[in-house]
Amino acid sequence: MILALALVLAAPAPPAHPHPHPHPHPAKDLRQLAQQHGIKIGTAVDIAALRDEPDYRQRLNREFTHVTAENAMKWESVEPERGVYTWDDADALVENARRNHQQIRGHTLLWHNQLPAWLTSGVEDGTIDATELREILREHITTQVRRYKGKIRAWDVVNEVVEEDGSLRQSIWLQHLGPGYIADAFRWAHRADPHAKLFINDYNLEWNAPKIETTLSIVKDLKAQGVPIHGIGFQGHLGIQYDYPADWANVMRRFADLGLEVAITELDVRMVLPVTPEKLATQAEYYRRALTDCLSVRACREMTVWGFTDRHSWVPGWFEGEGAATLLDENLAPKPAYKALLAVRGRK
Ligand code: G3I
């Protein structure tokens, strides 16, 4: 008995994140794929579609183990008037996730876009000064993180704070609060929910060297100051008219080496319309490579797509003549990209 106990105690501890061996059978859907690989596969959620479209809702809940609100948790959505909070949409996402065993990425606490008009105009006309702005930001972060304490696995605390040339983005935050706002945002979020994983999130970070270097140094600085930062989010808005970012896995590894969790947070692969079988095949290859890159880096624990059906995607509204960026078509029929993901086997 004592010997058995000693043997048990002496047995090596299981790895913190067991990674299954390559699985013999292709997955039947993304939920099973996520299980096979030991990662989370998520999507951005359009709340109106979640409410009004039963086929969208069913597909969402069948396929995904992780969800991000596409717009419902942004500042303009949750506090359109000063002090008047509108949580209905965000709450609906959280409740749907609870019922369907999905974890949640909170998006986003601090951004330069989709800020409420009362805030931007107040800063512009000087009725909100720097001291008040800092207090408003502290209150916003604290209120939102506290509301979902214990329910949100990971927060995109700061979103897109670096410009393409590697300088800090000239947002109202930098201009009025100075660069220290980034550390403040992480500290306030951590105080409001000490268990949530706190991320810095950005686009073009898959390949843009100045952005990569600045973001790495932001993370190093934060860590050196003891600021709670836990993850790096690569948005992953790709297009087949551009080369696939071939060095992406190495970039992920550089952030992982700083002790961060890595996530692909907003993956989509757009194309110039019309759709052709060749373009769909190229798109499938980009999705496959993104998943393979994530799986090749132990710290990469989540791959989230920015919408799962071409019926609801931000792309056509933003890039004229482009679209078809997601895994399923408008009728929720799987595209080659979906099938390519299911065929990906095991971590390297
Ligand atoms: O709120 C109004 C609504 O009142 C009105 O009825 C409707 C009519 O068009 O417009 C609504 O606002 C739109 C909003 O999405 C909510 O649907 C805006 O016009 C539209 O510009 C906005 O676009 C969102 C965009 O962020 C804004 O920057 C996209 O849906 C959303 O996918 C996109 O997501 C961002 C991530 O948050 C950060 N990374 C990049 C990514 C893609 O741009």
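The lining of the largest cavity has five nonpolar, three polar and two charged residues. That cavity holds about 30 Å³ of space. This is a predicted model, where local features need pLDDT of at least 70, side-chain atom pairs count only at pLDDT 80 or more, and totals for chains, interfaces and linings use all residues. Residues are numbered from 1 along each chain as its sequence is written, and side-chain values use heavy atoms, leaving out hydrogens and water.

**Cavity**
- Residues lining the largest cavity include Trp111, Glu160, Arg169, Trp173 and Tyr181.
- A cavity is a set of points on a 1 Å grid over the protein atoms alone where a 1.4 Å probe fits but cannot get out; lining residues have an atom within 4 Å of a point.

**Core**
- The largest nonpolar core has 106 residues.
- Such a core joins buried Ala, Val, Leu, Ile, Met, Phe, Trp, Tyr and Cys residues through side-chain atoms within 4.5 Å.
- Buried means under 20% relative accessible area (1.4 Å probe, protein chains only).
- Leu119, Trp155, Trp173 and Phe186 have the most contacts inside this core.
- Trp173 touches Leu119, among others, not counting residues up to four places away in sequence; contact means heavy atoms within 4.5 Å.

**Helix α8**
- Helix α8 covers residues 130-147; helices are DSSP runs (H or I, at least four residues), numbered from the N terminus.
- Among its buried residues are Leu133, Leu137 and His140.
- Trp173 touches both Leu133 and Leu137.
- The buried residues of α8 pack against elements including α7 (117-124) and α9 (172-177).

Note on methods: Buried < 20%, exposed > 50% of the residue type's maximum accessible area, 1.4 Å probe, protein only. Helix = DSSP H or I, 4+ residues; strand = E, 2+ residues; numbered from the N terminus. Expected span 1.5 Å × (residues − 1). 1 Å grid on protein atoms, 1.4 Å probe; cavity = no way out; pocket = protein on both sides within 12 Å on 5 of 7 lines; lining within 4 Å. Points joined across faces, edges and corners; volume = space filled by probe spheres on them. Nonpolar A, V, L, I, M, F, W, Y, C, P; charged D, E, K, R; others polar.
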